[in-house]
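Student: Can we go through this structure together? I'd like the fold first, then some details.

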Amino acid sequence: MDESVLRNLLSALETINNATSTNHARQEAQEYCEMLKQDPAGPLYGYYLAHKDNQQPDIVRHFGLSLIENTARYKWSDASLTPELKAQIRMNVMALASEGIFPMMTEKPFIKEKVASLFVEVVKREWPGNWDDMDVFLRQMFYKDETTREMSLFILRSLCEDVCIYDDPVAGLRKKDLRAGLLVIMSSEAILREHYPDGVKGHKNEVTLMAKTSADEKIAIAALRTLSATLDWVISSSVSSTSVVPLICQATLSSSEKIRLAGAECYDVLSSRNLSDHEREKMIWPLLEEGGIDLISKAYLAQSNQLLQGDSYLFLQKMVQATVNLGEQQLCARRNARVPEELSKFLQLLYAMTSHPSVILSSFVSFFWTTLLRHETFSKEPTVHTFIPPLLELYSGVLAKDFEYRRESDPVYAHFVAQDFESSSDFRTKVGAPIVPLSAFLWVANKVSEALKIEFPSSANVKNTIQFQRFDGALTLMEVAISSLTDIINDKANLQSGEILAAMNTLLGMLIEYNGKCPAALERIAASLSSYTDMFKLHSTLLFRCLDKLFKSVEYPMSSKSDLDVRELRHRSGITLVKIGKAIPNTLYPIYGEIDTAIQHLIQQGAISGGEKKTLLSFQLVIGFNAGMALERRAIFEKVVGPVAVGFQSAELQEVLSDPAKFMAFIGAVELSEASLKNVQGQEVEQLGTIIAQRRALLSWSVDALLTFMRETMDSKESTKKELWAAYLGPILPNLFSTIRCLNAVCDELAWTGLSPKMNRVLVLSPEEKEIMVTGKAPSATPGAATLTVTKLIADLKTWLSVLRDHCYKFLAQLTTLGAPFYSIPSLQTILEQSLFEHVDNLSNRQLRMLINSAVQPIVINCPTEYMDSTLSHLLTVLIPYLDQRLERDWKAASADGLMMDEQEDPEDLDVSDEIVKEMMLRDLTCYVANFLFAVLDFGRQKSAGATGTHKELTPLALHILSNDAIAQSAIPLMCRIITYKNTKSCTRSAETALCVLGALVQSYPSTQSIIGDFASMVLQAALEALHDPYHQEGHEKLILLITEVYVEVRAFNEAPKAVFQRASGADASRLEAFERELSMTTNKTKKHALVRNFLQGIIGVAKSEWFKQKEQGDKPVSVRTIAGSYDRPSQNVMDSKHEEDIGDGLASLFDE
């Protein structure tokens, strides 16, 4: 070891860690340290720095360990590392673990963890082949003293995690050998002889470490954490033959918080393990029947009545999670018919957990009760039945949703609300437990009867009152109960079915007779009536009265247009009618005449709004469409849909939609402009608003109604039902396309020239819209008078245009599901391009996103094979390059302005600025384009039955796109470019798309021989560039998978992947050739993947220490990667060749943590 090198190294480390060092000095020091990492002698200097006897600062010792680890992880296969040097490194690592660290109580945790990690890296490469006594050494450390005992447990835990839990690429290469070795370490000689009479290949039998423990806190914690890493895979006899399970239970009672938490983690792993009946008999039943539940209960109850937080609360959560897993995974295993002797104690513990004031804990246990009450054995167990009444009582209180009231009155409850939820809006309790028959339903009916007597306060927000929440909770409980009784009331052999049916009729009669004056309560009752549809099929005595109540609710008198509760009551009643119509059409058909008469009467009297008229017509339509009478279906369809379709093609609308200027006059833009200039107020504003709204409704109501009708009737694959809609394509499509064209045209700022400046508000986002877009939450309503103003009418116009655009796109998407009748329309491709894209440059990124997602994607995906060439070829050839150019332009502009967002940042922490909103819209558009490419290129359709092989068929759409050179040559570069944009969601989605395309190209080889090489080159270059970019840390796993798959799949018959790796920064020619030889000799695909992952470590990226290094810019240092600054592309592109110097650890350092 050269003393001058050591002095220079220490000086460099001092410079790096000195806050007063200049950037230039720090950079030179960093370069020196990086250079030493490449020196074969680097691990020797690292050993000197890391050993405690040399008295170096902890940060220097940590760097010394990194020097050794760099060689162990990334250079172990290099030719420069001789067997003698490897042996020396191995001896040094053993010395560091056994005598190179300070005593357990004084050594820093990060040093211990680093030494253990380093030891494991060497183990994964050398043991057992070149280091056959590693396990002996580990055992000697365990018995030597408490410091080495803790270290041996750290090492064992880390090794178990890398081999059996994490997807470690190095361990993956030798997983079979390493797992076999771990089984030997973790099992006694007797257990091994029982399970492996002929021995475990390549290993000697060793004595188990599991039975040894210590009262010392640190040792106990290390031992328990090691156990938690092994209990999921170790031979079950190794657990049952020792005192491990009792020790785990005892650990949960420890006075040490950390020991309790480690014990709870072990308890959870044990409870969650997938066991056979024989293994469960040995490992789990002793816990359930031999005092284990007493210990677990004592541990839980000792902490459950305290105001916990931090690790103490985490312990309680772990205990609940483990106990629920014990019940669901072990006690309620599918074939288990054994009832434990201490079942009552176990259920009492779970009931105590259900009663805990924490909503998170109590709701988690609900899943167990659901499983228990559905289990073949336990659903009939009397002990279980005794817990049903108290559970019903408990859950009825939960369903009352008394969140605000209880939070204010119960400090304990309030404490756990603060722990469990960020805000009150996050709170939502769901009960999934089924209800048992008659006695339980009668109990529920009594609760509803009591709720119907509640008197509600006169409040503008009655739904937020405790009275309404209790009322709502009782009806929710009723709906849950009724849903669980369907099978019973249909089972005539069930002795209680008749009584339950009678009780349901009685309760329904009470709901129908309810004549309260609170519209919110009436709305809730109206919504609950749809839960009785199964009963109506068997007993329809009250059906007519139920419909009569709903019809009366639809026309419930409104005191004013702003009476929100009454509007919701009328709307909800109509929706309930539609639900009933869809559920029991054949039951309703005999009274269809009366229903039609009632609806026509309401329409003619003008007693209902346009929205309510649409809903009632939908009710008629779903009855006729779903009843089993084909002739009547056509007549009803034509009666309901025909007039609306004919109205939509009226001459008046055709004239309005013939020119964007006429359309703007029709929607009231000119009138509103004049009103804003004249400052019109009061009654004039109301009259103007009424006139404009009535005029707009001629268009928007038709589109909305047709869309609703189609949604309600196109959920069937029957061709005869589609034929009914196909007949109306002629009347519908011309004005639909014209509407879309006009909507896009009025997005042009020039269209609003000459109008009042206030009209520009139609084209820009309001502050409220920006806040919703950025934070995901609507701003708090501002109290004040609800006076109608011109400004409010302008805002209504903006909303109307947005809703109409959304409905038009979705209606067009619905029409594409008709298949050939839609796509066979003459000149459809030209019509689509003119209506959808003639004014596409006027659309904001938000509007373009809506167009792609709601209209274009369904048009492309639903296109039948025989129409793809005529409809899609030119459309996609034009659209995809446009999207590529627009995204590239906007991302360049965004980068130049300085990207502001970090995708991992909580949206609520972002400033609602124009820059943030603009960037968010760009990110959203990029994600939607990435999703669009994935949708059209996915080839996930399975092969037909009887077909051989495990590959999936290539969908006709993907085949068409990839077979069309013009489309493929634009789609693949767009996909690759999205991978490189600083947006992790779209990056990973595009990586998934690339994997789909890869599968298609490989599956179709050799017919894809001409493009597969170019595809591999583009994808690898994009993925390597993204992997090089620190922004994409969250997407590294997907990117590495993509690079690995492309290399393994394509390299077998093309040189392109190798050529890309040769050009990559950091590539070493000799190492690449060695990698290629090893890859060619490997037949196992998993090993091939591991080889590529391992090779990647040396050719990609920059060291983590470089990511945040400051650069000189005047007198003000700025960060290379900053949330609020410009994201500079590295001066050295990842694909540029560079032979003069190494750029650093690269991908290797990504796995450092």
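Tutor: A definition to start: helices (H or I, at least four residues) and strands (E, at least two) are DSSP runs, numbered from the N terminus. Residues are numbered from 1 along each chain as its sequence is written. This is a predicted model, so local features need pLDDT of at least 70 and side-chain atom pairs count only at pLDDT 80 or more, while totals for chains, interfaces and linings use all residues; side-chain values use heavy atoms, with hydrogens and water left out.

Student: Where is Gln55?

Tutor: Gln55 sits in the loop between helix 3 (42-50) and helix 4 (58-74). Its phi is near 55 degrees, a positive value in a residue other than glycine.

Student: Is Gln55 buried or exposed?

Tutor: Gln55 is exposed, at 61% relative accessible area. The cut-offs: buried is under 20% relative accessible area, exposed is over 50%, and partly exposed is in between (1.4 Å probe, protein chains only).

Student: What is the phi of Asn679?

Tutor: Near 60 degrees, also a positive value in a residue other than glycine. Asn679 is in the loop between helix 40 (669-678) and helix 41 (683-713).

Student: And which peptide bond is cis?

Tutor: The one from Tyr1005 to Pro1006, with omega near 15 degrees. Pro1006 lies in the loop between helix 54 (984-1003) and helix 55 (1009-1028). Most residues other than glycine have a negative phi, and most peptide bonds are trans.

Student: Zooming out, how many helices and strands are there?

Tutor: The protein chain has 61 helices and two strands. Buried residues make up 53% of its 1153 residues.

Student: What about helix 33: what is its span?

Tutor: Helix 33 (residues 564-583) has 20 residues, and its end C-alpha atoms are 28 Å apart. That agrees with the 28 Å it should span at 1.5 Å a residue. The expected span is 1.5 Å times one less than the number of residues.

Student: Which helices do its buried residues pack against?

Tutor: The buried residues of helix 33 pack against several helices, including helix 34 (585-588), helix 36 (610-626) and helix 41. Contact here means heavy atoms within 4.5 Å. Among the buried residues of helix 33 are Asp565, Arg570 and Leu577.

Student: New topic. How many disulfides does a search find?

Tutor: Zero in the whole structure. A disulfide would be a pair of cysteine sulfur atoms within 2.5 Å. Cys266 is buried at 0% relative accessible area, and Cys747 counts as buried at 11%.

Student: How many salt bridges, then?

Tutor: The search finds 42. Each is a side-chain nitrogen of Lys or Arg within 4 Å of a carboxyl oxygen of Asp or Glu. One of them joins Lys114 and Glu69 at 2.7 Å, N to O. Lys114 lies in helix 6 (residues 109-126) and Glu69 in helix 4, so the pair ties together parts that are 45 residues apart in sequence.

Student: Are Lys114 and Glu69 buried or exposed?

Tutor: Lys114 is buried, at 7% relative accessible area. Glu69 counts as buried too, at 3%.

Student: What does Glu888 pair with?

Tutor: Lys892, with the closest N and O atoms 3.7 Å apart. Glu888 is partly exposed, at 26%, and Lys892 is exposed, at 55%.
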